[in-house]
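Have the viewer open and follow along.

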Amino acid sequence: MSTTTAPAASSLPTPRFRISRHRRLAWWGSSLACGLSVIGLALCWLNPAIGAPLRPGLDFTGGTQIQLERRCDGACTPLNPSQVQRRLAGLQPPVQAGEEAPNLAATAVQVLDQGRSLVLRLPDLNPEQAAVVISAVQAEAGALNPAATAIDTIGPTLGDQLLKGSVISLLVSFAAIAAYITFRYDRIFAALALLCLGHDVLITCGVFAWLGLIAGIEVDSLFAVSLITVAGYSVTDTVVVFDRIREQKSLLSALSVSDQVDVAVDATLTRSLYTSLTTLLPLVALIFFGGSTLFWFAVALTIGIAVGSWSSIGVAPTLLPLFSRR
Amino acid sequence: MARQQGWFALILALAIAAGALLVSFPLQLGLDLRGGSQLTLQVLPAGSIKSVQKEQLEAVKDVLDRRINGLGVAESTLQTVGDDQLVLQLPGEQDPSRAAKVLGTTALLEFRAQTSGTEQEMTGLLKLKRQAQAVLNQSRARAAAIANGQPEPPETQFKAEDLARSLQQLGVAIPPGSSETEQLELLLAAVNSKVVALFEPATLTGRDLTGAGRQQQQSGSGWDVTLSFNSEGGRKFAELTKDIAGTGRLLGIVLDGRSISEATVGPEFKPAGITGGGASITGNFSAEEARDLEVQLRGGSLPLPVKLIEVRTVGPSLGAENIRSSLIAALSGLALVAVFMVVVYRLAGLVSVLALSLYALFNLAIYALIPVTLTLPGIAGFILSIGMAVDANVLIFERVKEELRAGNTLIRSIDTGFSLAFSSILDGHVTGLISCVALFALGTGLVKGFAVTLAIGLVLSLFTALTCTRTLLRLLMSYPALRRSTYFLPAAQLPASAS
């Protein structure tokens, strides 16, 4: 099999698995996934309740999120979110001179874990106002466990900064990776690696657009982090295959580009799958045991890395013959 | 072989050093893991200053540092972030409202004499202010009682038409649909700015203070805040009080543009003013308000206004839960990867698991050394880097397998495997590091924690994958009993000629 140590014209490798035979299927699959992603992003954007390609979370919109745990032995008494909502709507929190009173009527209340915990989404509150809100909830829901309370407040200016920072760091890292790949490989390889990167990021975003539409899942700055990580990983994965093609170019010059690709993909298939698997295993552990804060972050990374592994086998190599012919 | 042993000794020494380091320097945990509050303040440009400079940020930090010390919060840290932000961490603090209040105000104290000829207007305004404040206090107490489910105290009302007339007189438009409380607040704000406008510009400010204190009022339950001036301030204060003594004009004490006290100066001070370099503010403060004002005045006023832009509070048991779940995730991730490697790569897999454990140890030691404050996203970065660290080993071992299948000897296969896999490993790590740099340079707190741990992980994995795995493998290969290709891949895949 190996052509690296003892090459001979007669022993040209014959790959067991020929990716080019399945390339139409691969292209159709990827196009379908990309198409669905674009539709999801567009639907999100057109949705008046979202108005952006992805449902922005607290980090980007600004506001206050309060997470509370009720102190109840055994089963908690049922709690109706609208009860809490009504009480909060009638609340008059202290206002500092020169500032507008927050509109608490727009509070979104979620009751989780069989009534054990509550998540409130409110407009931007100062700590004093948040304390008033918590004591109002306490009056409705009974005793709360103060040690299990979490309050996050993001001011509107910071929300804008975070959004801008996330978008800029995404673009900068894509550009820097593109520059490095172009410097290390020829232009066609670089273009394909970047195409794959776009493919992986687009599908990851698409899944979250649909999740946002259907399940109300929001994206936060950790989502932006996962996209950047996926981008780096996607290129790494693609490069392994291209590295092999480049290495074998002189040895396999007798073969057509499409056959060269088959040989390279076949030779690197196991390692592509294994490297993705070794990265996915810790992520799966994170999904199951990592807790709620990191759950969607781990999901985004898992999707991105799985798609990245697919594109490095099914998309980038199979497109190479098309580009090389010109 | 001597070279391998040298490397092995180095790795062993590093492992011992890392272990010792971890024992003596415990890891720093972020607030999301230990519980506490984190406040981010943005310094705003004001007046002639269009953008915040480094010196101004430092000046603001100095003032805030003094205020925090005055609050007496243990273990708090205040750091500058970026060009115009400050982050205050209060471990264990679950109610940051007091800190937020004390830090967020400018605390510019001004002593201003009333403009002559405005006595009548002032009297009317102050009466209106007292009335509105009283009604507002009662209606707030009532709202709080309702919210807490306590019996409602009787409602006192400002007559609706009185309120509307007063607002109209002050030239304030009533927003449609506004509640009584909102209108009262509007009224108070309007009255306050009118009152402040009736004073002359300040001749004496908080800059001339040398100290501040508080004392309980002899009659009544309120507190006063006492002030002491430097000699310049004492002279100015005497002059100011001399001017208005016995005239009926008031001395306004204005804090951040709000009149907090309007005092009369008796005719007995006509000859020389109030001397002695001290004064007190009778504002009917609660004990806490008096203490906070004292802390602010002692710390001095902020050279630029600040705005609270982010507050994150995590309860201690939530933090403990976060530690527990991320620890389980990290350990089970490591275990899954370890099982996978041993099943697929046999002896080599075992070596890579050893290298991986060293990798985890070195990683933690570096966190303790730098020190890196571990946050939840930081731990996620660490867990992810475990997966990526193994990638390098997979790339190498697949190459080794290939060489073995081609009929090469074991030692030769191992060496070729390492050298041929290097290029892809390097590319992967460089692209990963590029992402980390972009994240670190442009990201905020949470994102930075992830970027730092992932970057440390990537650099370290280059070392452990290329050095530790190789050295351990070569060392094992010096024992003839272990030098068997079947320890690396199933016999069926070996060419017939190889043993």
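Predicted model: local features only at pLDDT ≥ 70, side-chain atom pairs only at ≥ 80, totals over all residues.

Two strands pair if DSSP finds at least two bridges between them. Residues are numbered from 1 along each chain as its sequence is written, while chains are lettered from A and ligands numbered from 1 in the order in which they are written.

Strand β4 (residues 150-154) of chain A pairs with strand β12 (residues 306-314) of chain B in the antiparallel sense, over five bridges.

How many residues of chain B are in contact with chain A? The count is 78 residues of chain B, against 71 residues of chain A, where contact is taken as C-beta atoms, placed from the backbone, lying within 7 Å. On the chain B side, helix α11 (residues 376-405) gives the most, with 16 residues. Sorted by class, that side has 37 nonpolar, 26 polar and 15 charged residues. The classes work like this: Ala, Val, Leu, Ile, Met, Phe, Trp, Tyr, Cys and Pro are nonpolar, Asp, Glu, Lys and Arg are charged, and the others, Gly among them, are polar.

Now zoom out to chain B as a whole. It has 13 helices and 13 strands. Its C-alpha atoms fill a box of roughly 115 × 50 × 40 Å along the principal axes. The radius of gyration of chain B is 35 Å, whereas a compact globule of 499 residues would have one near 23 Å; the radius is taken over C-alpha atoms, and the globule rule is 2.2 Å times the number of residues to the power 0.38. Buried residues make up 43% of the 499 in chain B. Buried means 20 or more other C-beta atoms within 10 Å of a residue's own, exposed means 12 or fewer, and partly exposed is in between, with C-beta atoms placed from the backbone. Of the chain B contacts with a separation of 6 or more, 74% are between residues 24 or more positions apart.

In chain B, three strands form an open sheet in the order β7-β8-β11, with antiparallel pairing. Its edge strands are β7 (209-216) and β11 (278-285), each pairing on one side only. Neighbouring strands here are turned by 20 degrees against each other on average, direction ignored. Helix α9 (residues 287-299) of chain B packs on this sheet, touching β7, β8 and β11, and its direction makes about 170 degrees with that of β7(B). Axes are lines fitted to C-alpha atoms, for helices over the stretch in contact, and angles run from 0 to 180 degrees between N-to-C directions. Seven bridges join β7(B) to β8 (residues 223-229) of chain B, and Ala212(B) stands opposite Leu227(B) in β8(B).

Stay on β8 of chain B for Ser228(B), which lies in that strand. Ser228(B) counts as partly exposed because 17 other C-beta atoms are within 10 Å. Leaving out residues up to four places away in sequence, Ser228(B) touches Thr210(B), Gly211(B), Gly277(B) and Gly278(B).

For helix packing, look at α3 (residues 54-71) and α4 (residues 97-104) of chain B: their axes come within 10 Å and cross at roughly 145 degrees. Leu64(B), Arg67(B) and Leu71(B) in α3(B) meet Ala99(B), Val102(B) and Leu103(B) in α4(B). That contact has five nonpolar, no polar and one charged residues.

A cis peptide bond joins Ile370(B) and Pro371(B), with omega about -10 degrees; Pro371(B) is found in the loop between α10 (316-369) and β13 (373-374) of chain B. Arg346(B) is not a glycine, yet has a positive phi of about 55 degrees, and Arg346(B) lies in helix α10 of chain B.

How values were computed
Helix = DSSP H or I, 4+ residues; strand = E, 2+ residues; numbered from the N terminus. Contact = placed C-beta atoms within 7 Å.
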